Amino acid sequence: MARAEQPPGRTTLVLGDQVKTVQTLVEAAGVMENAPYDYRWASFQGAAPLFEALRAGAVDTAMAGDLPVLAAASGGAPMKIIATRQGEPSSLGIVVQRESPIRSVAELEGRQVVVSSARGSISQYQLYGALREAGLEPDDVEVRFVLPTDAMAAFNSGQIDAWAVFDPYFAIAVEQGARVLRDGAGINPSLGFITAAEGSLEDPAKREAIADFLQRLARAGDWARANPERYAAAVARQTRLPERTALEVSRRSAYATRALSDQDIATLQQLADSAVRDSILPRAIDVAALSDQRLLERQHAPEAP
């Protein structure tokens, strides 16, 4: 983005995003006006490529669901969890074709299920939880990992029996006629997290800028809560969903940003331990050691432009 006559030495943040979800919220709320730093967005279609960018030093922050954050940490991504975002478990699920003979999760036994986007995604955790709830084990299905845009094309052409996926792709699939076998209610905690590259946090100017961005992002969440129709209209423009569907997507999305609490850390630790037992994660993760609770300590005041 062009910014004329900026002071020399002004720091720049590269804000990592998935399918412009956070960018849409921030721009709709108008909270970045007069930010005392430059910034640009880097958007990816899933958490896996986003965290590859963080690992490569190409982004300063990355927003993702609980399990993708843990998967990135287990792969050695140099980052810290710095804030929490709370969404609704109905924002993801397992879908089949409208005319599919599959009527329940138990009937997935022996079939192929595509999970988006990669090993360690929230959709993988959702699938495994749903299988166990139905009396099956993960080995009872054939799992393939496919990025969501590619998976959507395959699903739309009838090449996929079942697809475990998250919003907005989940909502788009349902809008286009897919049938939901099971959503995330009772399985996924639906916590999202904002992370920052360790190198960025060690840079005093970038650390200050990231702390400021978190405050603005929290205000954007307040704005979305106070203006659901305006936020939904922005989501509809970005996703090309009908506004009624965009309103539902925006209602259940993780836009409410808050400080990382001890309870969040404990919840994420339980999920990490479960994921290790299920071989979703290759090694144990110490969530407390991965966390920095100091960047969003101050209470923010609800603010709308």
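Is N34 buried or exposed? N34 is exposed, with a relative accessible area of 67%. This is a predicted model. The briefing below covers two cis peptide bonds, one ending at S117 and one ending at P168. It then turns to positive phi values at K20 and N34.

**Cis peptide bonds**

- S116 and S117 are joined by a cis peptide bond. Omega there is about 5°.
- S117 sits in a loop. That loop runs between strand β6 (112-115) and helix α4 (122-133).
- A cis peptide bond also leads from D167 to P168. Its omega is near 5°.
- P168 belongs to the loop between β8 (162-166) and α6 (169-175).

**Positive phi at K20**

- K20 is not a glycine, yet its phi is positive, at about 60°.
- Look for K20 in the loop between β1 (12-18) and α1 (21-29).
- How exposed is K20? K20 counts as partly exposed, because its relative accessibility is 37% and the partly exposed class lies between under 20% for buried and over 50% for exposed.

**Positive phi at N34**

- N34 has a phi near 60°. That is a positive value in a residue other than glycine.
- Where is N34 found? N34 lies in the loop between α1 and β2 (38-44).
- Why does N34 count as exposed? Its relative accessible area is 67%, and exposed means over 50%.

Definitions and conventions
Residues numbered from 1 in each chain as written. Predicted model: local features only at pLDDT ≥ 70, side-chain atom pairs only at ≥ 80, totals over all residues. Heavy atoms only, no water. Helix = DSSP H or I, 4+ residues; strand = E, 2+ residues; numbered from the N terminus. Buried < 20%, exposed > 50% of the residue type's maximum accessible area, 1.4 Å probe, protein only.
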